[in-house]
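Here are my notes on the model, as numbered points. Please read them with the structure open.

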Amino acid sequence: MRTISTVIIKPTKGCNADCSYCCAPPDGAKKWSIADFRRVFDALESRLHPNATLIWHGGEPMLLGAAFYKEAHTYATSRHPGVRFSMQSNMLAYNDRWNELFKEVFNGSVSTSWDPDELCRSVNGRTDVYGRVYRDKMKKILSDGWRPKVISTFTEDTIHLAHNVYDQALTESRLGRVYDIRINYRYPAGRVSLTGPAIEPSTYGRMLIELYDRWISDTPDFLITPLDQMFLKVTGREMARCPWAKGCTGSIIGLEPNYDIYNCGEFADLADPEFRFGNLFDDGIEACMTSTAARKLTLRRIRQPKSCQSCIHFTECEGGCMRDAVIFDRGIYGKFFYCESWQDVFSRIKESIITGEADTALKKFGHDVDEMKDIVGNHLRSGLASGLTHMRRPVLTSGYIPSFATLHGPVDLV
Ligand code: SF4
Ligand code: SF4
């Protein structure tokens with residue numbers, strides 16, 4: 001039996017902000033009490049991995065109050081000592097009490113969101129208020145010594161501001177206030193579910209490469225997700241991890257305020273009955289995990305698009321995220337919409353390792369540089385020898401594998 005290692009747990013969809021593109025807006029379900037959480041934990045427990053992480057999400061999870069998490073953590077760890085808590089919050093309610101909790105309960109595992117255009121995140125419709133409160137709280141969080149991950153989502157119109165996000169993180173890190181950043185494409189769910197792609201895969205991929213080139217040159221103390229994870233996947237330090245996880249079904253779930261279970265928080269945002277595993281209390285965890293929806297999604301592991309099966313980056317990419325294949329009308333076994341972005345970035349990362357441009361970054365991650373060049377070079381060579389192809393742009397391997405780039409030109413996406 002597969003155990004669940006991650007639960008994206010939403011105890012409320014209520015929020016103290018009202019962002020225009022919210023993917024999980026208020027749904028009217030009541031906030032959980034501590035008694036509700038105990039029932040939830042008891043019902044999940046038989047399937048939880050001993051070191052499972054509960055990632056508290058929303059809505060705004062801080063609305064439940066610090067005492068809720070203190071009690072919830074005490075209860076969960078008394079039953080399951082290895083369980084860990086993590087939180088994604090807008091941080092607008094952060095104060096000294098939460099500072100204590102970040103230490104006692106979350107062990108610093110916290111993330112937040114902010115968009116540099118400051119046009120869509122608002123409190124009572126006021127974007128200026130959101131921006132001001134967010135900056136005040138971030139200042140306190142950093143001076144309290146925390147290192148949150150700050151997630152920014154971008155559209156075609158705002159992607160150029162990703163460089164500002166990098167610049168700010170670089171400035172702060174040089175002053176000893178380190179936080180990590182995440183550069184995401186904005187996706188159509190929740191309040192913007194019918195709007196289509198907000199940014200083209202080529203634009204998003206291009207920006208990631210620009211940031212990657214700055215990152216391997218500056219080698220700052222902060223991480224840029226998804227680049228850090230892609231880098232670790234290429235160097236073999238990271239195994240399956242969302243969103244490069246063809247076998248995500250069964251090891252992660254998304255739990256809604258009304259106790260409905262989905263494959264993950266992202267699938268839950270779609271609120272599509274076709275992908276609902278069931279309800280934790282009406283059906284029970286076993287029935288949810290063996291439901292028709294769960295079995296269909298499990299098959300993504302083997303039912304990959306043909307072009308993924310022949311892709312030179314499949315080992316690292318694993319065919320991308322099926323939720324994002326669904327959201328762009330390609331179905332659960334269809335092509336991941338941002339494939340082109342991943343192809344370009346994986347190509348660039350491999351190229352930079354082989355050409356030596358990433359030597360400093362490799363050392364920073366504790367790798368033997370020559371060994372890494374061999375591993376990546378040999379992997380590419382054997383992939384090509386067995387018929388895998390670059391679908392867009394071959395890895396340029398100047399000097400290291402001389403004729404490599406001429407072996408296979410780009411071919412069209414299938
Ligand atoms: S469907 Fe996508 S977002 Fe959900 S767990 Fe799998 S890889 Fe992650
Ligand atoms: S074809 Fe695209 S989505 Fe499929 S494995 Fe390759 S990079 Fe990933």
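1. Which of the 10 residues around ligand 2 come nearest? They are Cys308, Cys311, Cys317, Lys335 and Cys339; a residue is near a molecule if one of its heavy atoms lies within 4 Å of it.

2. On conventions: this is a predicted model, in which local features need pLDDT of at least 70 and side-chain atom pairs count only at pLDDT 80 or more, while totals for chains, interfaces and linings use all residues. Residues are numbered from 1 along each chain as its sequence is written, chains are lettered from A and ligands numbered from 1 in the order in which they are written, and side-chain values use heavy atoms, with hydrogens and water left out.

3. Ligand 2 sits in the second largest cavity. A cavity is a set of points, on a 1 Å grid over the protein atoms alone, where a 1.4 Å probe fits but cannot get out; a molecule sits in one if more than half of its atoms lie within 2 Å of its grid points. Helix H11 (306-309), helix H12 (314-317) and helix H14 (339-355) each give two or more residues to the shell around ligand 2. Helices (H or I, at least four residues) and strands (E, at least two) are DSSP runs, numbered from the N terminus.

4. The largest cavity holds ligand 1. Its surroundings include Cys242, Cys248, Cys264 and Cys321, as well as Arg323. Helix H8 (265-270) and helix H13 (322-327) are the elements that give two or more residues to this shell.

5. Pro243 is also among the residues around ligand 1. The peptide bond from Cys242 to Pro243 is cis, with omega near 10°, and Pro243 is found in the loop between helix H7 (227-234) and strand S8 (252-255).

6. Gly59 lies in the loop between S2 and H2. Met91, in the loop between S3 and helix H3 (96-104), has a positive phi of about 65° although it is not a glycine.

7. The open sheet has 10 strands in the order S7-S6-S5-S4-S3-S2-S1-S8-S9-S10, with mixed pairing; two strands pair if DSSP finds at least two bridges between them. Strand S7 (224-225) and strand S10 (278-279) stand at the edges with a single partner strand each, so one side of each is left without a neighbour in the sheet.

8. Strand S5 (residues 149-154) and strand S6 (residues 180-185) run parallel and are joined by six bridges. Ser152 stands opposite Ile183 in S6.

Methods. On a 1 Å grid over the protein atoms alone, a cavity is a set of points where a 1.4 Å probe fits but cannot get out, and a pocket is an open set with protein on both sides within 12 Å along at least five of seven lines; lining residues have an atom within 4 Å of a point.
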